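Welcome, and thank you for opening the viewer. Please load the structure below, and let us walk through it together, one selection at a time.

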Amino acid sequence: SIYLDCYVNGVREYKFLKLYLRPEVRREEKKWNKEQMQLANAIKAQYIIDIQNGEFGFKDKNRTRKLNFIAYCEDMAAKYEANGQTSCAVLMRSAILRMVRYKGKNITFNHINKEFLIGYIDFLNNETRDFDKECKDQDRKPKPLSDVYKEALFARIMVALNQAERDGIIIKNPGKDIDRKLKPHSEQKVRCYLTIEEVKQIIECEYRPDNDVKSAFLFCCFSGLRFSDVKKMTWGEITVTNDGQAQLETKMKKTGKSIWVPLSDNAIKWLPERGEALDTDLVFAKLPEQSSNADSRLKTLIRKAGITKDVTFHVARHTFATLTLTYGADLYTVSKLLGHSNIRTTQIYAKIVDESKRRAVNLIPII
(Lines give C-alpha, C1' and ligand atoms only; values in the text may rest on other atoms or scores of the structure.)
Protein backbone atom coordinates (compact mmCIF):
# COMPACT_ATOMS: atom_id res chain seq x y z
CA SER A 1 0.00 0.00 0.00
CA ILE A 2 1.05 3.64 -0.52
CA TYR A 3 0.97 6.22 2.27
CA LEU A 4 2.32 9.72 2.92
CA ASP A 5 4.82 10.19 5.73
CA CYS A 6 4.19 13.83 6.77
CA TYR A 7 6.16 15.89 9.27
CA VAL A 8 4.62 19.33 9.81
CA ASN A 9 5.37 21.80 12.63
CA GLY A 10 6.86 19.04 14.81
CA VAL A 11 3.92 16.64 14.27
CA ARG A 12 4.35 13.39 12.35
CA GLU A 13 1.39 11.86 10.57
CA TYR A 14 0.90 8.83 8.30
CA LYS A 15 -1.81 9.30 5.71
CA PHE A 16 -2.91 6.12 3.93
CA LEU A 17 -4.06 6.79 0.39
CA LYS A 18 -5.90 3.51 -0.34
CA LEU A 19 -3.60 2.95 -3.28
CA TYR A 20 -1.77 -0.32 -3.81
CA LEU A 21 1.15 -1.53 -5.87
CA ARG A 22 1.22 -4.92 -7.57
CA PRO A 23 4.17 -7.29 -8.06
CA GLU A 24 5.68 -6.33 -11.42
CA VAL A 25 5.44 -9.66 -13.18
CA ARG A 26 3.90 -8.47 -16.43
CA ARG A 27 3.77 -5.24 -18.39
CA GLU A 28 0.23 -4.57 -17.12
CA GLU A 29 1.43 -4.53 -13.49
CA LYS A 30 4.24 -2.08 -14.34
CA LYS A 31 1.76 0.22 -16.05
CA TRP A 32 -0.63 -0.09 -13.07
CA ASN A 33 2.13 0.78 -10.58
CA LYS A 34 3.25 3.76 -12.65
CA GLU A 35 -0.30 5.15 -12.72
CA GLN A 36 -0.71 4.58 -8.96
CA MET A 37 2.53 6.46 -8.21
CA GLN A 38 1.49 9.34 -10.47
CA LEU A 39 -1.80 9.56 -8.61
CA ALA A 40 0.00 9.39 -5.24
CA ASN A 41 2.31 12.24 -6.24
CA ALA A 42 -0.69 14.31 -7.36
CA ILE A 43 -2.37 13.72 -3.98
CA LYS A 44 0.89 14.65 -2.23
CA ALA A 45 1.11 17.93 -4.16
CA GLN A 46 -2.50 18.80 -3.32
CA TYR A 47 -1.94 17.83 0.32
CA ILE A 48 0.99 20.26 0.57
CA ILE A 49 -1.21 23.04 -0.84
CA ASP A 50 -4.01 22.14 1.58
CA ILE A 51 -1.61 22.32 4.52
CA GLN A 52 -0.52 25.78 3.40
CA ASN A 53 -4.17 26.80 3.11
CA GLY A 54 -4.92 25.56 6.61
CA GLU A 55 -7.30 22.77 5.56
CA PHE A 56 -5.79 20.21 7.92
CA GLY A 57 -5.47 22.31 11.04
CA PHE A 58 -1.75 22.99 10.84
CA LYS A 59 -2.59 26.68 10.48
CA ASP A 60 -5.50 28.71 11.65
CA LYS A 61 -8.00 28.63 8.80
CA ASN A 62 -9.57 31.94 9.83
CA ARG A 63 -6.16 33.60 9.89
CA THR A 64 -5.01 32.37 6.52
CA ARG A 65 -8.24 32.71 4.56
CA LYS A 66 -10.30 35.31 6.38
CA LEU A 67 -7.62 37.67 7.62
CA ASN A 68 -8.48 41.28 6.87
CA PHE A 69 -6.12 42.56 4.20
CA ILE A 70 -6.62 46.21 5.14
CA ALA A 71 -5.65 45.50 8.77
CA TYR A 72 -2.61 43.58 7.53
CA CYS A 73 -1.49 46.58 5.43
CA GLU A 74 -2.12 48.99 8.31
CA ASP A 75 0.11 46.83 10.50
CA MET A 76 2.84 47.03 7.86
CA ALA A 77 2.48 50.83 7.74
CA ALA A 78 2.85 51.00 11.53
CA LYS A 79 6.03 48.89 11.36
CA TYR A 80 7.44 51.17 8.66
CA GLU A 81 6.79 54.17 10.88
CA ALA A 82 8.34 52.50 13.92
CA ASN A 83 11.47 51.76 11.87
CA GLY A 84 11.72 55.37 10.71
CA GLN A 85 10.65 54.49 7.13
CA THR A 86 8.32 57.48 6.88
CA SER A 87 7.97 57.59 3.09
CA CYS A 88 7.04 53.89 2.94
CA ALA A 89 4.46 54.38 5.71
CA VAL A 90 2.88 57.37 3.93
CA LEU A 91 2.66 55.51 0.61
CA MET A 92 1.21 52.39 2.25
CA ARG A 93 -1.50 54.43 3.97
CA SER A 94 -2.31 56.19 0.69
CA ALA A 95 -2.63 52.81 -1.03
CA ILE A 96 -4.88 51.59 1.82
CA LEU A 97 -7.05 54.70 1.55
CA ARG A 98 -7.68 54.05 -2.12
CA MET A 99 -8.21 50.34 -1.58
CA VAL A 100 -10.96 51.20 0.94
CA ARG A 101 -12.53 53.59 -1.57
CA TYR A 102 -12.36 50.79 -4.14
CA LYS A 103 -13.97 47.94 -2.15
CA GLY A 104 -14.48 49.04 1.46
CA LYS A 105 -12.76 48.04 4.69
CA ASN A 106 -13.90 44.41 4.88
CA ILE A 107 -11.46 43.01 2.34
CA THR A 108 -10.05 39.59 3.24
CA PHE A 109 -7.29 37.66 1.51
CA ASN A 110 -10.06 35.46 0.07
CA HIS A 111 -11.23 38.44 -2.01
CA ILE A 112 -7.86 39.19 -3.55
CA ASN A 113 -7.22 37.51 -6.86
CA LYS A 114 -5.96 38.60 -10.25
CA GLU A 115 -9.29 40.13 -11.28
CA PHE A 116 -9.58 42.03 -7.99
CA LEU A 117 -6.16 43.61 -8.50
CA ILE A 118 -6.87 44.50 -12.14
CA GLY A 119 -10.01 46.23 -10.89
CA TYR A 120 -7.89 48.18 -8.38
CA ILE A 121 -5.59 49.26 -11.21
CA ASP A 122 -8.61 50.47 -13.20
CA PHE A 123 -9.77 52.37 -10.11
CA LEU A 124 -6.40 54.12 -9.83
CA ASN A 125 -6.45 54.95 -13.54
CA ASN A 126 -9.83 56.65 -13.13
CA GLU A 127 -9.12 58.27 -9.76
CA THR A 128 -9.11 62.06 -10.01
CA ARG A 129 -9.25 63.22 -6.40
CA ASP A 130 -5.86 63.44 -4.73
CA PHE A 131 -7.02 63.58 -1.12
CA ASP A 132 -3.53 63.14 0.31
CA LYS A 133 -3.06 66.88 -0.12
CA GLU A 134 -5.48 69.56 1.01
CA CYS A 135 -6.64 71.63 -1.91
CA LYS A 136 -6.60 75.29 -0.94
CA ASP A 137 -8.64 76.25 -3.99
CA GLN A 138 -11.87 74.28 -3.56
CA ASP A 139 -13.11 75.37 -6.99
CA ARG A 140 -10.04 74.01 -8.79
CA LYS A 141 -10.74 70.94 -10.90
CA PRO A 142 -9.04 67.89 -9.36
CA LYS A 143 -6.30 66.31 -11.46
CA PRO A 144 -5.86 62.61 -12.17
CA LEU A 145 -3.15 60.75 -10.28
CA SER A 146 0.25 60.85 -11.94
CA ASP A 147 1.68 57.69 -13.50
CA VAL A 148 4.55 57.79 -11.02
CA TYR A 149 2.16 57.98 -8.06
CA LYS A 150 -0.09 55.19 -9.37
CA GLU A 151 2.95 53.00 -9.87
CA ALA A 152 4.11 53.68 -6.30
CA LEU A 153 0.66 52.97 -4.82
CA PHE A 154 0.27 49.65 -6.63
CA ALA A 155 3.84 48.70 -5.68
CA ARG A 156 2.90 49.04 -1.98
CA ILE A 157 0.01 46.59 -2.44
CA MET A 158 2.38 44.19 -4.19
CA VAL A 159 4.87 44.51 -1.32
CA ALA A 160 2.09 43.60 1.16
CA LEU A 161 1.05 40.57 -0.90
CA ASN A 162 4.66 39.43 -1.29
CA GLN A 163 5.05 39.63 2.48
CA ALA A 164 1.81 37.68 2.97
CA GLU A 165 3.21 35.00 0.65
CA ARG A 166 6.39 34.82 2.75
CA ASP A 167 4.28 34.67 5.93
CA GLY A 168 2.39 31.68 4.53
CA ILE A 169 -0.96 33.50 4.52
CA ILE A 170 -1.34 33.03 0.77
CA ILE A 171 0.31 30.48 -1.50
CA LYS A 172 1.14 32.96 -4.24
CA ASN A 173 0.80 36.68 -4.81
CA PRO A 174 -1.89 36.88 -7.54
CA GLY A 175 -0.38 40.15 -8.77
CA LYS A 176 2.53 38.18 -10.23
CA ASP A 177 0.18 36.81 -12.89
CA ILE A 178 -0.87 40.24 -14.15
CA ASP A 179 0.63 41.26 -17.46
CA ARG A 180 3.29 43.91 -16.92
CA LYS A 181 1.62 46.13 -19.54
CA LEU A 182 -1.52 46.30 -17.40
CA LYS A 183 0.29 47.37 -14.25
CA PRO A 184 0.73 51.10 -13.56
CA HIS A 185 4.06 52.25 -14.92
CA SER A 186 5.75 55.55 -15.65
CA GLU A 187 8.30 56.61 -18.18
CA GLN A 188 11.80 56.25 -16.79
CA LYS A 189 13.21 59.70 -16.16
CA VAL A 190 16.77 60.54 -17.10
CA ARG A 191 18.67 60.57 -13.83
CA CYS A 192 20.83 63.59 -13.15
CA TYR A 193 24.41 62.82 -12.11
CA LEU A 194 27.75 64.60 -12.00
CA THR A 195 30.83 63.72 -14.00
CA ILE A 196 34.20 63.44 -12.28
CA GLU A 197 35.13 66.83 -13.79
CA GLU A 198 32.02 68.43 -12.25
CA VAL A 199 32.80 66.87 -8.87
CA LYS A 200 36.26 68.45 -9.11
CA GLN A 201 34.64 71.81 -9.86
CA ILE A 202 32.64 71.56 -6.64
CA ILE A 203 35.74 70.55 -4.65
CA GLU A 204 37.66 73.55 -5.98
CA CYS A 205 34.78 75.99 -5.42
CA GLU A 206 35.26 78.36 -2.48
CA TYR A 207 32.24 77.86 -0.23
CA ARG A 208 32.57 78.56 3.47
CA PRO A 209 29.08 78.72 5.04
CA ASP A 210 29.04 77.04 8.45
CA ASN A 211 26.48 74.34 7.59
CA ASP A 212 28.32 71.13 6.47
CA VAL A 213 26.49 71.14 3.11
CA LYS A 214 29.56 70.96 0.87
CA SER A 215 31.41 68.32 2.89
CA ALA A 216 28.29 66.17 3.41
CA PHE A 217 27.39 66.34 -0.29
CA LEU A 218 30.88 65.30 -1.41
CA PHE A 219 30.92 62.55 1.22
CA CYS A 220 27.68 61.23 -0.34
CA CYS A 221 29.26 61.42 -3.82
CA PHE A 222 31.97 59.02 -2.63
CA SER A 223 29.84 56.78 -0.39
CA GLY A 224 26.43 56.58 -2.09
CA LEU A 225 24.47 57.57 1.03
CA ARG A 226 21.09 59.29 0.93
CA PHE A 227 20.58 62.61 2.71
CA SER A 228 18.42 60.92 5.37
CA ASP A 229 21.25 58.51 6.19
CA VAL A 230 24.14 61.00 6.19
CA LYS A 231 22.03 63.34 8.34
CA LYS A 232 21.56 60.72 11.08
CA MET A 233 25.07 59.21 10.78
CA THR A 234 26.94 59.04 14.09
CA TRP A 235 30.64 58.61 14.82
CA GLY A 236 29.95 55.22 16.37
CA GLU A 237 28.77 53.88 13.00
CA ILE A 238 32.22 54.46 11.50
CA THR A 239 34.62 51.67 12.41
CA VAL A 240 38.07 50.51 11.36
CA THR A 241 38.70 46.87 10.40
CA ASN A 242 41.72 44.83 11.51
CA ASP A 243 43.50 45.66 8.27
CA GLY A 244 43.02 49.39 8.83
CA GLN A 245 40.14 49.98 6.43
CA ALA A 246 37.38 52.40 7.47
CA GLN A 247 33.80 51.35 6.97
CA LEU A 248 30.31 52.57 7.78
CA GLU A 249 27.73 50.28 9.36
CA THR A 250 24.25 51.77 9.42
CA LYS A 251 20.55 51.08 8.98
CA MET A 252 19.05 52.88 5.99
CA LYS A 253 16.19 55.14 7.07
CA LYS A 254 14.18 54.62 3.89
CA THR A 255 14.17 50.81 3.88
CA GLY A 256 15.18 49.88 7.42
CA LYS A 257 17.81 47.59 5.89
CA SER A 258 21.22 47.31 7.56
CA ILE A 259 24.23 47.79 5.28
CA TRP A 260 27.97 48.28 5.58
CA VAL A 261 29.90 50.44 3.17
CA PRO A 262 33.70 50.53 2.94
CA LEU A 263 34.84 54.17 2.96
CA SER A 264 37.38 55.24 0.37
CA ASP A 265 40.06 57.84 0.99
CA ASN A 266 37.95 60.24 -1.10
CA ALA A 267 35.01 59.79 1.30
CA ILE A 268 37.09 59.97 4.49
CA LYS A 269 38.63 63.23 3.27
CA TRP A 270 35.27 64.99 3.67
CA LEU A 271 34.56 63.86 7.21
CA PRO A 272 34.85 66.73 9.71
CA GLU A 273 37.33 66.58 12.56
CA ARG A 274 35.93 64.36 15.32
CA GLY A 275 37.61 66.09 18.22
CA GLU A 276 35.98 65.06 21.51
CA ALA A 277 32.75 63.88 19.86
CA LEU A 278 31.08 60.83 21.41
CA ASP A 279 30.02 57.73 19.45
CA THR A 280 26.41 58.93 19.71
CA ASP A 281 27.18 62.40 18.30
CA LEU A 282 26.22 63.26 14.72
CA VAL A 283 29.07 63.39 12.20
CA PHE A 284 27.54 66.25 10.19
CA ALA A 285 25.95 68.06 13.13
CA LYS A 286 25.58 71.37 11.25
CA LEU A 287 23.67 69.89 8.32
CA PRO A 288 20.14 71.37 7.98
CA GLU A 289 17.35 69.21 9.41
CA GLN A 290 15.27 69.14 6.24
CA SER A 291 16.56 67.93 2.87
CA SER A 292 14.73 70.83 1.18
CA ASN A 293 16.78 73.36 3.17
CA ALA A 294 19.99 71.47 2.41
CA ASP A 295 19.09 71.36 -1.31
CA SER A 296 18.44 75.10 -1.32
CA ARG A 297 21.90 75.83 0.08
CA LEU A 298 23.46 73.21 -2.19
CA LYS A 299 22.11 75.00 -5.27
CA THR A 300 24.10 78.08 -4.25
CA LEU A 301 27.26 75.98 -4.17
CA ILE A 302 26.46 74.33 -7.52
CA ARG A 303 25.82 77.69 -9.14
CA LYS A 304 29.11 79.10 -7.79
CA ALA A 305 30.90 76.05 -9.17
CA GLY A 306 29.62 76.90 -12.67
CA ILE A 307 27.41 73.81 -13.04
CA THR A 308 24.06 74.31 -14.76
CA LYS A 309 22.46 70.96 -13.85
CA ASP A 310 19.52 70.80 -11.44
CA VAL A 311 21.41 69.23 -8.54
CA THR A 312 19.87 68.01 -5.28
CA PHE A 313 21.45 65.96 -2.50
CA HIS A 314 20.11 62.77 -4.09
CA VAL A 315 22.19 63.48 -7.19
CA ALA A 316 25.23 62.54 -5.07
CA ARG A 317 23.87 58.98 -4.85
CA HIS A 318 23.41 58.84 -8.65
CA THR A 319 26.93 60.24 -9.03
CA PHE A 320 28.43 57.54 -6.80
CA ALA A 321 26.70 54.80 -8.79
CA THR A 322 27.74 56.08 -12.22
CA LEU A 323 31.32 56.83 -11.15
CA THR A 324 31.89 53.40 -9.60
CA LEU A 325 30.47 51.65 -12.67
CA THR A 326 32.45 53.90 -15.01
CA TYR A 327 35.70 53.06 -13.25
CA GLY A 328 35.19 49.30 -13.42
CA ALA A 329 33.01 48.13 -10.53
CA ASP A 330 30.58 45.32 -11.36
CA LEU A 331 26.83 45.76 -11.21
CA TYR A 332 26.30 43.31 -8.32
CA THR A 333 28.85 45.05 -6.09
CA VAL A 334 27.41 48.51 -6.77
CA SER A 335 23.94 47.15 -6.01
CA LYS A 336 25.12 45.97 -2.59
CA LEU A 337 26.92 49.24 -1.87
CA LEU A 338 23.72 51.18 -2.59
CA GLY A 339 21.62 48.75 -0.53
CA HIS A 340 19.35 47.88 -3.46
CA SER A 341 17.18 44.81 -2.87
CA ASN A 342 16.67 44.35 -6.62
CA ILE A 343 19.59 44.54 -9.04
CA ARG A 344 17.22 45.84 -11.73
CA THR A 345 17.19 49.16 -9.86
CA THR A 346 20.96 49.35 -10.25
CA GLN A 347 20.80 48.47 -13.96
CA ILE A 348 19.45 51.98 -14.62
CA TYR A 349 22.92 53.33 -13.82
CA ALA A 350 24.56 50.76 -16.08
CA LYS A 351 22.45 52.09 -18.96
CA ILE A 352 23.57 55.63 -18.13
CA VAL A 353 27.22 54.53 -18.29
CA ASP A 354 26.65 52.68 -21.59
CA GLU A 355 25.05 55.77 -23.10
CA SER A 356 28.00 57.91 -21.93
CA LYS A 357 30.39 55.50 -23.64
CA ARG A 358 28.42 55.75 -26.88
CA ARG A 359 28.51 59.53 -26.75
CA ALA A 360 32.26 59.44 -26.07
CA VAL A 361 33.11 57.31 -29.10
CA ASN A 362 30.85 59.43 -31.32
CA LEU A 363 32.90 62.53 -30.42
CA ILE A 364 35.66 61.27 -32.73
CA PRO A 365 35.12 62.94 -36.13
CA ILE A 366 34.70 60.81 -39.24
CA ILE A 367 38.04 60.52 -41.03
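Start by selecting Glu-198, which sits in helix α7. Helices here are DSSP runs of H or I with at least four residues, strands are runs of E with at least two, and both are numbered from the N terminus. Glu-198 is buried, with a relative accessible area of 13%. Buried means under 20% relative accessible area, exposed means over 50%, and partly exposed lies in between, using a 1.4 Å probe and protein chains only. Now show what surrounds Glu-198: leaving aside neighbours within four places in sequence, it is in contact with Tyr-193, Ile-307 and Lys-309. Contact means heavy atoms within 4.5 Å.

Before moving on, a word about what you are viewing. This is a predicted model, in which local features need pLDDT of at least 70 and side-chain atom pairs count only at pLDDT 80 or more, while totals for chains, interfaces and linings use all residues. Residues are numbered from 1 along each chain as its sequence is written, and side-chain values use heavy atoms, with hydrogens and water left out.

**Next stop: helix α8**

Select residues 213–221, which form helix α8. How many of its nine residues are buried? Nine of the nine are, so to speak, under cover. Among them are Val-213, Lys-214, Phe-217 and Cys-221. To see what covers the buried residues of α8, show α7 (196–204), α9 (227–232), α10 (265–268), α11 (291–304) and α12 (314–326), which are included in that cover.

**Then: Arg-317**

Stay with α12 and pick Arg-317, which is found in this helix. Arg-317 is buried yet has no salt bridge. A salt bridge is a side-chain nitrogen of Lys or Arg within 4 Å of a carboxyl oxygen of Asp or Glu. Which side chain of opposite charge is nearest to Arg-317? That is Asp-229, 5.9 Å away; Lys and Arg count as positive and Asp and Glu as negative, with His and the chain ends not counted. Not counting residues up to four places away in sequence, Arg-317 touches Gly-224, Leu-225, Arg-226, Leu-338 and His-340.

**Now look for salt bridges**

By the rule above, the count comes to 13 salt bridges. Begin with Lys-176 and Glu-165, whose closest N and O atoms are 3.0 Å apart. Lys-176 lies in the loop between α6 (147–166) and α7, and Glu-165 in helix α6, so the pair ties together parts that are eleven residues apart in sequence. Lys-176 is partly exposed at 44%, and Glu-165 is partly exposed at 24%.

Next, select Lys-299 and Asp-310, which meet in a salt bridge of 2.7 Å, N to O. Here Lys-299 belongs to helix α11 and Asp-310 to the loop between α11 and α12, so parts eleven residues apart in sequence are tied together. Lys-299 is partly exposed, with a relative accessible area of 31%, whereas Asp-310 is exposed at 55%.

**Last stop: two packed helices**

Finally, display helix α3 (residues 69–82) with α6: they pack at an angle of about 100 degrees, with their axes 11 Å apart. Axes are lines fitted to C-alpha atoms, for helices over the stretch in contact, and angles run from 0 to 180 degrees between N-to-C directions. That makes α3 roughly perpendicular to α6; angles of 65 to 115 degrees count as roughly perpendicular, under 35 as roughly parallel, over 145 as roughly antiparallel and the rest as oblique. Where they meet, look for residues including Phe-69 and Tyr-72 in α3 and Arg-156 and Ile-157 in α6.
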